[in-house]
Amino acid sequence: MAEVMRSETLNISNNTSSLASPELLHVLAVDDSIVDRKFIERLLRVSSCKVTVVDSATRALQYLGLDGDNNSVGFDDLKINLIMTDYSMPGMTGYELLKKIKESSAFREIPVVIMSSENILPRIDRCLEEGAEDFLLKPVKLADVKRLRDSLLKAEEGVFKNIMHKRELEANDIYSQLKRAKI
């Protein structure tokens with residue numbers, strides 16, 4: 001099922017038809033170029049990612065609920081695993097979007113990847129210093145997307161293992177307390 005809002009409201013598409021399992025990574029892709037947007041969306045879908053695409057940094061902030069309205073665009077359980085954004089966009093750059101995301105307590109832990117067709121080292125350094133997970137040169141390659149996906153899946157697996165380990169320790173502690181109390 002493809003869901004596209006009319007361009008006079010928000011140009012967001014959120015296709016959930018390929019959600020075969022809840023473990024799919026959800027990527028927010030931000031690019032003002034429709035060609036680049038379609039290209040990155042296709043690469044992400046081929047890599048088994050759920051993809052939401054927006055055409056500007058402002059639209060991304062609206063989607064995330066960081067535009068001052070304090071609510072995202074109709075998504076109650078907004079779970080984004082990765083944000084991929086173009087650097088050069090009119091209105092607000094990908095770097096400015098990165099800064100806003102990293103300033104947000106709700107989204108600062110989400111990895112942000114900056115994409116650009118320009119290989120400008122000071123720009124790359126500035127993005128990485130501000131907290132970007134990676135800086136990819138366009139055209140983005142399928143190998144780049146798969147590497148990012150695999151890295152994120154391993155990180156999420158590690159978080160899950162830590163939670164399970166903590167729960168196991170808590171259960172052992174409760175069991176010890178019950179045993180001492182002879183209940």
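# Reading a buried strand and its surroundings

Guide: Strand E3 is covered on both faces: Lys50, Thr52 and Val54 on one side are buried, and so are Val51 and Val53 on the other. Buried means under 20% relative accessible area, with exposed over 50% and partly exposed in between (1.4 Å probe, protein chains only). Helices (H or I, at least four residues) and strands (E, at least two) are DSSP runs numbered from the N terminus. This is a predicted model, in which local features need pLDDT of at least 70 and side-chain atom pairs count only at pLDDT 80 or more, while totals for chains, interfaces and linings use all residues. Residues are numbered from 1 along each chain as its sequence is written, and side-chain values use heavy atoms, leaving out hydrogens and water.

Visitor: Why is E3 described as largely enclosed by the rest of the structure?

Guide: In a regular strand the side chains alternate between the two faces of the sheet. Five of the five residues of E3 (residues 50-54) are buried, so the strand is largely enclosed.

Visitor: In which sense do E2 and E3 pair, and over how many bridges?

Guide: Two strands pair if DSSP finds at least two bridges between them. E2 (residues 26-30) and E3 pair in the parallel sense over five bridges. Val27 has Val51 as its bridge partner, and Leu28 stands opposite Thr52. E2 is mostly covered as well, with five of its five residues buried. His26, Leu28 and Val30 point one way from E2, Val27 and Ala29 point the other way, and all are buried.

Visitor: Which residues of helix H2 are buried, and what covers them?

Guide: Ala57, Ala60, Leu61, Gln62, Tyr63 and Leu64 are the buried residues of H2. Their cover includes E2, E3, E4 and H3. Six of the eight residues of H2 (residues 57-64) are buried, so the helix is largely enclosed by the rest of the structure. Just after H2, Gly65 takes a positive phi of about 80 degrees.

Visitor: Which residues of H3 and H4 meet?

Guide: Contact means heavy atoms within 4.5 Å. Tyr95, Leu98, Lys99 and Lys102 in H3 meet Arg126, Cys127 and Glu130 in H4.

Visitor: What feature does UniProt place at Asp86, and is Asp86 buried or exposed?

Guide: The UniProt record, an unreviewed entry, places "modified residue: 4-aspartylphosphate" at Asp86. Asp86 is in strand E4 (residues 82-86) and, at 6% relative accessibility, counts as buried. Leaving aside neighbours within four places in sequence, Asp86 is in contact with Val30, Asp31, Asp32, Gly94, Met115, Ser116 and Lys138.

Methods
UniProt positions are given in the numbering used here, feature names are shortened, and annotations may be inferred rather than shown by experiment.
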